[in-house]
Amino acid sequence: MSALLEVKDLRLQFGGVKAVDGLSFTVEAGEILAVIGPNGAGKTSAFNCISGFYLPTSGSVVFDGRDIVRQAPSFWRSLRLVDLLQSFGFYRVLPSRVTKWGMARTFQNLRLFRELSVLDNVKTAMHANIREGFWATLLHTPGYRKAERECAEQARGWLDFVGFTGDENLYVTQLPYGEQRRVEIARALATGPKLLLLDEPAAGLNFNEKQALMQLIRSIRDLGVAVVLIEHDMGLIMNLAERIVVLNYGKEIAVGSPEQIKNDPIVIEAYLGVEDEPLDETKLQTGTVDLSLLDDSLLDGSSQGKGKKGKRS
Amino acid sequence: MSRSQTRADAALRAPSPLFDRPAAPAGILNSNKGFLRALGTLAVVLLAVLPFINATPYLMSIATSALIYVMLAMGLNVVVGYAGLLDLGYIAFFAVGAYISGIFTTVLGWPMWAALPMTIAACIVAGIIIGAPTLRLRSDYLAIVTLGFGEIIRITANNLQITGGPSGIHGIPTWSFGDWSFSDGFTLFGLEFPQRVVFYYFVAAVVVLVGVVGAGRLAKGKMGRAWKAVRDDEDAAEAMGINTYIAKITAYIIGAVWAGIAGQLMATHLSAISPNSFQFLYSALILMSVVLGGMGSTPGVIIGALFVSLAPELLREFSEWRFLIFGVLLVVVMLFRPAGLWPSTAILPWLKKLKPVPPPTAGFMAVPAASANEDLETVEGEETR
């Protein structure tokens with residue numbers, strides 16, 4: 001039994017910047033995997049490669065036995081027409097196709113459809129799963145009505161599943177932030193995924209909302225959906241993830257269970273800098289180095305987000 | 001690669017809803033849908049009785065033109081209002097429809113009804129030819145390219161032999177079925193309609209009605225949601241499994257077909273067409289009626305189209321001043337209703353106070369998701385492939 005998602009030696013270069021530099025990991029069906037790393041480590045870039053938004057420079061991504069990265073034949077590459085062809089959808093897998101294969105994603109900054117109602121947002125995600133012909137839509141045939149009814153029913157099911165409590169007919173912009181997050185997760189689930197990529201789902205949520213999110217992610221896993229999440233909130237990750245992949249400068253620096261990661265010297269170094277590096281006296285006096293970051297309280301979840309301010313310079 | 005059946009291989013089905021929703025309010029005054037239906041019925045009745053009240057050729061001619069504008073605006077509304085593609089050369093499809101029907105009826109001598117499928121086919125082809133290379137572009141760039149294509153079509157028509165060059169095509173026949181033609185006259189309920197204009201008005205009314213209802217229905221279905229998703233956020237739409245390219249080109253083709261049918265109506269209505277009827281100004285006027293009425297809103301776009309087509313006529317007594325007054329009116333409207341006269345997100349003023357009944361979810365958040373999970377079901381064993 002092969003893994004649900006296999007990323008092998010993934011590389012993505014923007015000019016001279018190596019956003020992702022040889023990343024490899026696998027996701028098994030029905031597990032919760034967290035991807036962490038300091039800001040700019042290439043987490044979101046890797047997500048974009050996996051879900052088909054970016055075309056990686058090299059490497060392979062195999063999802064559910066299907067290749068997501070395709071290489072154009074050398075003939076086209078020699079003519080330098082690959083970019084043009086790929087912009088028309090040749091020699092690449094479009095994100096919509098990846099979604100149809102069963103990989104759904106959310107975005108770092110909420111990207112709901114602003115002028116659609118909550119219900120329509122979720123219905124939109126069922127695009128690939130419902131059949132409505134052109135004439136059926138024009139003539140409102142019984143088949144069309146049935147498809148629409150079922151679509152609404154399923155959308156409501158997902159809204160209830162994520163615990164959305166508001167009015168489904170409101171526009172999403174009228175909802176508070178936490179509820180918008182829920183709708184976004186419901187929308188991703190409505191595509192019927194096997195693998196759900198969550199890009200910083202807890203960003204901007206308060207403590208209670210984070211607790212509810214943790215429960216929600218667990219119940220998504222219980223449906224049989226594998227969840228891969230990028231997060232900065234260590235408390236949430238240590239509680240939730242079964243395995244953690246740590247990235248830094250586009251490279252994978254550690255993989256393991258939360259306990260292993262917590263005590264991994266390389267990870268601590270990536271977040272905090274080298275521990276035995278002599279501290280600059282002037283920096284200490286001006287307070288640019290927060291000494292409290294250096295003790296082991298960072299990764300136990302109580303000091304969320306402080307890792308971002310770690311001494312990296 | 002062999003895949004044994006695992007949970008991941010079963011299609012993920014939505015859990016059934018945990019709560020019953022209250023039925024959506026129905027009725028003319030307490031629901032948006034009911035009100036719009038009533039308004040639509042009223043409009044249809046008005047449309048039907050107008051020739052019985054006043055059937056001067058002048059009025060009929062203006063009314064037919066206004067209906068053609070409504071058809072055009074509904075088509076452009078699909079492209080601009082629903083799919084969010086700014087098209088500044090929309091009149092090109094109008095020209096394609098008019099010229100194709102003109103050529104088929106005058107040069108080849110086909111009856112008008114037989115030219116209709118040809119018009120539709122030509123517009124689909126034109127939509128694909130213009131849309132396929134340009135729809136990879138976004139917003140401003142698309143606007144510039146479509147503007148160019150609009151001019152190309154007009155200049156081509158100006159220079160080809162078959163389109164009659166600058167003088168255009170004359171003597172386009174009206175609709176006829178076998179021996180009977182609309183120009184023969186017709187008596188209905190003891191009322192005689194001598195001018196073909198009157199009959200023509202009825203044909204235009206029926207076609208436009210189908211166009212308006214059809215565009216509205218398409219916008220509510222799966223494809224319409226895809227269009228709106230593409231308009232609101234193209235990347236997110238792609239992530240939802242919508243092939244945005246196909247969604248955009250579908251919107252483009254639908255818009256082209258609507259414009260082509262309007263073009264055929266126009267060709268029969270005026271019985272003569274020339275490249276001058278397809279200047280950029282008309283693209284701008286139709287776009288204006290969509291923006292003025294409210295993008296993506298059927299009643300708004302109809303009001304906008306009627307305003308744009310009728311205002312110059314109603315202001316005729318101000319002679320040269322009328323276009324100035326028209327412009328000032330537009331500025332005033334846009335100042336006070338920036339989202340359009342009747343925006344798609346509008347809530348009827350008397351419905352704003354009504355609080356919608358929320359689903360009975362009080363205390364739901366207190367329920368741990370694990371226990372709520374018992375109500376959920378995944379359908380196993382349904383192979384996706």
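## Chain B overall

Chain B contains 13 helices and four strands in this predicted model. The chain has 385 residues, of which 42% count as buried. Among contacts in chain B with a separation of 6 or more, 76% are between residues 24 or more positions apart.

## Packing of H2 and H11

Two helices of chain B, H2 (residues 57-82) and H11 (residues 298-314), pack with their axes 8 Å apart and at an angle of about 140°. H2(B) is therefore oblique to H11(B), since roughly antiparallel would need an angle over 145 degrees. The crossing of H2(B) past H11(B) is right-handed.

On the H2(B) side, the contact is formed by B:Ile62, B:Ser65, B:Ala66, B:Tyr69, B:Val70, B:Ala73, B:Met74, B:Asn77 and B:Gly81. H11(B) contributes B:Val301, B:Ile302, B:Gly304, B:Ala305, B:Leu306, B:Val308, B:Ser309, B:Leu310 and B:Glu313. Sorted by class, this contact of H2(B) with H11(B) comprises 12 nonpolar, five polar and one charged residues.

## The side of chain B that touches chain A

Chain B also meets chain A: 49 residues of chain B are in contact with 61 residues of chain A. Four helices of chain B each supply at least two residues of the touching side, namely H6 (196-220), H7 (222-232), H8 (234-239) and H13 (369-372). H7(B) gives the most, with seven residues.

By class, the side of chain B that touches chain A has 26 nonpolar residues, together with 11 polar and 12 charged ones.

Technical notes
Residues numbered from 1 in each chain as written. Chains lettered and ligands numbered in written order. Predicted model: local features only at pLDDT ≥ 70, side-chain atom pairs only at ≥ 80, totals over all residues. Axes fitted to C-alpha atoms, helices over the stretch in contact; angles between N-to-C directions. Parallel < 35°, antiparallel > 145°, perpendicular 65-115°, else oblique. Left-handed = near helix turned anticlockwise from the far one by under 90°. Contact = placed C-beta atoms within 7 Å. Nonpolar A, V, L, I, M, F, W, Y, C, P; charged D, E, K, R; others polar. Buried ≥ 20, exposed ≤ 12 C-beta atoms within 10 Å, placed from the backbone.
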